[in-house]
Amino acid sequence: MSQTLAANSDRMIVFDDVSKFYGDILGVNRISMSLAPGITSLVGPNGSGKTTLMNLLSGLLRPTRGRLSVLGMNADQPEQLFRKVGYCSQFDSFPAGMTGIRFTSAYLGLHGFDRRTAHELAWTALERTGLTEAAKRRVAGYSKGMRQRVRLAQAIAHQPTVLVLDEPLNGLDPLARAEAMELFRALARDGSHLIISSHILHEVEAMSDRVVLMNNGYVVAEGGTQGVREEMPDRPLQILVRCRRPAALAAALFTGEHVTEARVIEADNTSGLLLRTNDSEAFYLLLNKIVAEGRIADLGLEGVAPVDDDLQHVYDYLIGAGRSH
Amino acid sequence: MDTTGESHATTATTTIVSRPEKFVGNNESAHTARRSSWNLWATQIASILRLEATRNFLSSRSMLIYLLAAMPLLLLLMIAIIPPNVRDWGSLADTKNAFAVFYEALILRTVIFFGCAWIFMNLIRGEVVDRSLHYYFLAPVRREIFIVGKYLAGVLVSTSFFVTMTLFAILLAHLPHHATASLNDFTNGNGAAQMFAYLGTTLLACIGYGAVFLLIGLYFRNPVIPALLLYGWEWLNFLLPPVLKKISVIHYMHSLVPVPVGAGPFEVLAAPTPAYISIPGLLIFVGVVLYLAARRTRRMEILYGGE
């Protein structure tokens, strides 16, 4: 392996043909991908393998086949690996009898911190998750959102550079969700890896640098939402062009081969053209040319916007609308 | 001195988002506070002991241990308050013999056995049932250190309960009936040596049974059945041929108790194992068990759904 590749793998999370089976049941199969720093969201229906992938990443499960490394380390090196990795799992359970501050600080002793430092780090983490007021109350009396936040605090308390968050927004009210998302972005800006699973697609889209779509244990697609969308040639991109003369525009656009379908839309006070193209770049170039050269008189172009290049549509196309995710 | 934690503490804010300084990326400096491996392992074991102390002394699950430990004391207390004119207690020697039977039959074979079963089998299994084991597995702790810490926590908890209970049992068995003779025996006779022998036997029983139950808790999804089989094996030990007798904990404890107790006319006699063999042998056995437990734990996965 070259030095550059080795140096890169020390900054990446690498899945190399990773499979996990629970007896005869498939967890994930043949996952190969490399994740760079930033926010990576795992999206998929229930049972698609998101949590299995996260548990593999955090060493709670061992791959049946293949290898994975986190910043060049694997789960056989817990003393190094878990200084860098924090995991906020979906297990909504806590050791009995603990207060929020005790729960957050208790496990920091296992990192080698003395009790005073552990307490200070725990308190800082609780501040970041907005839980200081309840810190001295028993976790057993917390609401679901508070339990979610104290787990998040426990996961970030030792200041990991890789944060694995399984449905971290579950149970949070809208304000706390927004704050949590801002926290995730701040951590990503600092160069951390954040691997997040969520089923709220518009929130995923708003905060993620890349998405990994999973279904039935396989990675269906990965990359930026736009990039994933563009790699679906069987699903031409839909673009809505609002203008006064949609029929004329349609005729002009059909001179190029990349527009496959066009539908004129006429409503009370507006008109437009809904079209499909399998080469959005060529389409935009042609449209620019038509407008710039004034080929259509009184076109009255008001707006151009893709209508199905968001994560929801990508999800629906690849995994299927109506499935729970 | 590590100042990282202080800098975090002094820049405290009250919301998730508004803390301005870089949070992640400075963990290297925070981790420079860590010590050498031995110191780190000692700190980690101390942390495990603190966590386990909370779990084992203060949780609802520990109620059974309190009840078990109280059982012999309540029995002895009831006997102690029987008026002297109701029953003739005989001599101090008679009381010592009676206590030896009481200790082996009730304290050693029942209370300590089941107490250790409960404590040590729950060290790992209880965490799986509570779905909290992953917090340990997500910490930078070698699984070997985790197992040693857990085992020491079990020894600490079990000896706290049962050595204390044994001490009070000795006092309750002797003082109410032969106060003067007992005190005299303690200061001038062999009373003190016998008391320490009982306490030491209790300690070693916790160490020995603890190791066995730790292993059972790790290897069996339902550890109750193997625990009951072991209970039968330990009780029937007096019937076993000498070679098989040695594959048990009770044989070595039986050899260590200060007042020998016969097991009746059906007992198959075997030479007691001397302390200079039984104690190092027990410790070697514990070492082997911890090695096996660590091997098992290294391969463990978190699959709560299957439990």
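The following conversation concerns a predicted model and takes up its chains, domains and salt bridges in turn.

Reader: Before we start, what kind of model is this?

Author: It is a predicted model.

Reader: Let us begin with chain B. How many helices and strands are there in it?

Author: Chain B has 13 helices and zero strands. Read from the N terminus, its elements run α-α-α-α-α-α-α-α-α-α-α-α-α.

Reader: And what share of its residues counts as buried?

Author: Chain B has 307 residues, and 50% of them count as buried. As for contacts in chain B with a separation of 6 or more, 81% are between residues 24 or more positions apart.

Reader: Which domains does chain B have?

Author: The domain assignment gives domain 1, residues 1–49, and domain 2, residues 59–298.

Reader: How many residues of each domain are in contact with the other?

Author: Five residues of domain 1 of chain B are in contact with eleven residues of domain 2 of chain B. Between them the two domains bury about 750 Å², with 80% of it on carbon and sulfur atoms.

Reader: Which three residues of domain 1 supply more of that area than any other three?

Author: They are I45(B), I48(B) and L49(B), which supply 66% of the area that domain 1 of chain B buries against domain 2 of chain B. By class, the side of domain 1 that touches domain 2 has four nonpolar residues, one polar residue and no charged residues.

Reader: How many salt bridges are there between the two domains?

Author: The count between domain 1 and domain 2 of chain B is zero salt bridges. One residue pair is in polar contact between these domains, with both residues at pLDDT 80 or more.

Reader: What does G149(B) touch?

Author: Leaving out residues up to four places away in sequence, G149(B) touches I45(B), I48(B) and L49(B). Those three residues are the ones that supply 66% of the area domain 1 buries against domain 2. G149(B) itself is found in helix 7 of chain B, residues 143–174.

Reader: Is G149(B) buried or exposed, and why?

Author: G149(B) counts as buried because its relative accessibility is 0%, and buried means under 20%. The C-alpha atoms of G149(B) and Q44(B) are separated by 7.7 Å, although these residues are 105 residues apart along the chain.

Reader: What about L67(B): buried or exposed?

Author: L67(B) is exposed, with a relative accessible area of 57%. Its place is in helix 4 of chain B, residues 63–80. Between the C-alpha atoms of L67(B) and V111(B) there are 9.7 Å, and the two residues are 44 residues apart along the chain.

Reader: Let us move to chain A. Where is T104(A)?

Author: T104(A) is in helix 4 of chain A, residues 100–106. With a relative accessible area of 1%, T104(A) is buried.

Reader: What is T104(A) in contact with?

Author: Apart from neighbours within four places in sequence, T104(A) is in contact with A122(A), A125(A), L126(A), V150(A), A153(A), Q154(A) and A157(A).

Reader: Now salt bridges. How many does the structure hold?

Author: The structure holds 24 salt bridges over all chains. In general, side chains of opposite charge can pair when their charged atoms come close.

Reader: Which side chain does D17(A) meet in a salt bridge?

Author: The side chain of D17(A) meets that of R30(A), at 3.5 Å from N to O. This pair links strand 1 of chain A, residues 13–22, where D17(A) lies, with strand 2, residues 25–35, where R30(A) lies. D17(A) counts as partly exposed, at 24% relative accessibility.

Reader: And which one does R189(A) meet?

Author: R189(A) meets E182(A) in a salt bridge at 3.3 Å, N to O. R189(A) is exposed, with a relative accessible area of 59%, whereas E182(A) is partly exposed, at 28%.

Reader: Back in chain B, where do D130(B) and R61(B) lie?

Author: D130(B) is in helix 5, residues 92–130, and R61(B) is in the loop between helix 3 and helix 4, 69 residues apart from D130(B). Their side chains meet in a salt bridge at 3.1 Å, N to O. D130(B) counts as partly exposed at 29% relative accessibility, and R61(B) is partly exposed at 24%.

Reader: Which residues do salt bridges that share partners join into one network?

Author: They join E79(A), R142(B), E144(B) and R298(B).

Methods
Residues numbered from 1 in each chain as written. Chains lettered and ligands numbered in written order. Predicted model: local features only at pLDDT ≥ 70, side-chain atom pairs only at ≥ 80, totals over all residues. Heavy atoms only, no water. Domains from an automatic or database assignment. Contact = heavy atoms within 4.5 Å. Buried area = accessible area lost by both parts, 1.4 Å probe. Salt bridge = Lys/Arg side-chain N within 4 Å of Asp/Glu carboxyl O. Polar contact = N/O pair within 3.5 Å; in protein donor to acceptor, adjacent residues only side chain to side chain. Nonpolar A, V, L, I, M, F, W, Y, C, P; charged D, E, K, R; others polar. Helix = DSSP H or I, 4+ residues; strand = E, 2+ residues; numbered from the N terminus. Buried < 20%, exposed > 50% of the residue type's maximum accessible area, 1.4 Å probe, protein only.
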